[in-house]
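Me: I would like to understand how the labels used for a protein structure are decided. Could you take me through some of them, setting each value against its definition?

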Amino acid sequence: MSGIIKILPEHIANQIAAGEVVTRPASAVKELLENAIDAGATEIQLYIEDAGKTLIHVIDNGTGMGEEDAKTAFIPHATSKITNADDLQHISTMGFRGEALASIASVAQIELKTRRDDDELGTQIEIDGGNIKSTQPIATPKGTNISVKNIYFNTPARRKFLLSDDAEFRYIEDTFTKISLAHPEVSFSLYKNNCNILFLPIETQYARIIKIFGNNFQQRLVRIDENLSDVSIHGYICKPGYVTKRRNKQYLFVNKRIIKHAGLNYAIESAFTGLIPEKNYPIYCIFIGIDTSAIDVNIHPSKTEIRFNNEKLVYGTLQAVVKHSIGIHQLSPSLDFNTFQLPHKYSNSSDFSKTSSDFREAYLRSVSEIHRTEMDILQKDIESLQSELPLHEPQLGSPMKEDDNVFQIVQSYIAAPLSSGFLLLDQHAASERILFDEYCAKKKSSEKTPSRRLLFPQSITVSSSQVETLKDIQPDLEFLGWDFSWIGDNSFMINAMPENAARDGEEDAQKIIEDILDVYVQRLMSGGHDMSGRDKVAAAMAKRSAVKYGEKLHKEEMLSIIARIFSSAEPHISPSGQKTFRIISPHELSQLLLS
Ligand code: ADP
Ligand code: MG
């Protein structure tokens, strides 16, 4: 009796193999686009009909193929990209397995037109379910033009499992996005049922990312750029304020190949630990460059999985580089904001030893006669403080314990040692930013600022030029928590003021209003086209109500200021244009001590 084991006919074997490579129309799209890239194309057009179920058509201007190669290309394991086993250690092309065209051809009807630059005539080949139907010379532009029609026409079981057109098209778009992100040196067009839905010209990496992510990402991304001897990492990550609740827009490429890698994804996400809420995820598009001999891409037919010879090195470098980038953009100190207790109000300190007599000015004058930038001066300050005090010790006389990680310098700056350096924050500028943001948030929600009715309403008198201004901005001031009425001459009666208008328990409404008017008028005169009228009033109020220089702060107030400034959308600068904080890296600190 003869045995029961038979060798499968080639076409069935190919259909089985196709099950791994061509799992859905989008996987055929991936293989065809990768072939065009490998052929050195600079222009690729993708036409999709009925979510790829009727037609996937790719036109490229790459090298093209001669007649012989065009026929061989559809034979299983036919590839021009490797010749021996050693080559598997150095794969620099997207393809190398030589099975994509054979697999696609076994489950579809193919029409291929291709021509090399030096050939006068090109070749046209028609294939049906893996069998060559016709071959003929044809006049065709340089490059390759391949149509994959009626995919799975001969494997109905597979066709039945396809999802709706919408869902399958989404997969195709996703594939197109990933490949085009990695190749800004190539122009891409995408046509859906003959309608051009996306055109990407040859452009810079950044421009390509913004095209794909959307213009609003211009403010949201931070650049990563690191070239080490073993590995290079570049790309973009979102600032901590722009993470999302879904893991979308997370693109990781190794040598321009999109990969799935839970470990590396974790390395990136963990660099954000403590800076973003739980169950939020960063958006990123990161390119890792690594020697082809240091990785193995031949572990899965779809070539989206990869093994690193030294995974720890890549993991560690990636995590450090992402952390570093967040750090140098001064987006966040390495403080763990989650552990901060946020008091409801930080600004109601009655323990107010000095008035706003200009501590800061005096201090700055005392350290420098020569004209230097403020930042230079700050650096010198740190230098001298360092020689006096170990960093972790609180200022003399401050109400803090030894283990506190935040302290005040000359009652004007808040300082905190960070694991990535040293945070120096201007208490007045930062507080101004926080209050201004609070007012703007109120404006957005049309919620009035809480006000405090005065036990004894105060009458105030302002100059005649101020009367007009005050009348002008009365509605804005009322929205921001003031309540007053004009009582004739140049006088007003103040019935209520915003809860946090007075810094030091002072009740002098006259002084507060005068200060607000002064700042508002200054702002008006200096142009200030960037702000609406109400915002100018809010900015003036924020300046007036902000923590002052020379004001002693409790630890809770300092922590609150730090936490709140870093939840601002514009933490770096106060509404009056003053820098609010700076992070000094360990490197800069060491330079300071050396200079
Ligand atoms: P692989 O890409 O793994 O080599 P494929 O089955 O995708 O295998 O392609 C087989 C061969 O056909 C390629 O090695 C290449 O030489 C040739 N080829 C495929 N597509 C193109 C194209 N668009 N332009 C030029 N040559 C191509
Ligand atoms: Mg290929």
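Reply: What follows is a set of questions about labels, each answered from a value and a definition.

Reply: This is a predicted model, in which local features need pLDDT of at least 70 and side-chain atom pairs count only at pLDDT 80 or more, while totals for chains, interfaces and linings use all residues. Residues are numbered from 1 along each chain as its sequence is written, chains are lettered from A and ligands numbered from 1 in the order in which they are written, and side-chain values use heavy atoms, with hydrogens and water left out.

Me: What makes the pair Glu 67 and Lys 71 a salt bridge?

Reply: A salt bridge is a side-chain nitrogen of Lys or Arg within 4 Å of a carboxyl oxygen of Asp or Glu. The side chains of Lys 71 and Glu 67 are 3.4 Å apart, N to O, so the pair meets that rule. Both residues lie in helix α3 (residues 67–72), four residues apart, which is about one turn of the helix; a helix here is a DSSP run of H or I with at least four residues, and helices are numbered from the N terminus. By the salt-bridge rule the count comes to 23.

Me: What can be said of the salt bridge between Asp 476 and Arg 534?

Reply: The side chains of Asp 476 and Arg 534 meet at 2.8 Å, N to O. This pair links distant parts of the chain, with Asp 476 in helix α13 (residues 464–479) and Arg 534 in helix α15 (residues 533–545), 58 residues apart. Asp 476 is at 13% and so counts as buried, whereas Arg 534 is at 26% and so counts as partly exposed. Elsewhere, salt bridges that share partners join Glu 203, Arg 208 and Lys 211 into one network.

Me: How do you know that Glu 269 makes a polar contact with Arg 247?

Reply: A polar contact is a pair of N or O atoms within 3.5 Å; within protein, one must be able to donate a hydrogen and the other to accept it, and residues adjacent in sequence count only if both atoms are side-chain atoms. The side chains of Glu 269 and Arg 247 make such a contact at 2.7 Å, so the distance falls within the limit. Glu 269 is found in helix α8 (residues 262–270) and, at 12% relative accessibility, counts as buried.

Notes:
Helices (H or I, at least four residues) and strands (E, at least two) are DSSP runs, numbered from the N terminus. Buried means under 20% relative accessible area, exposed over 50%, partly exposed in between (1.4 Å probe, protein chains only).
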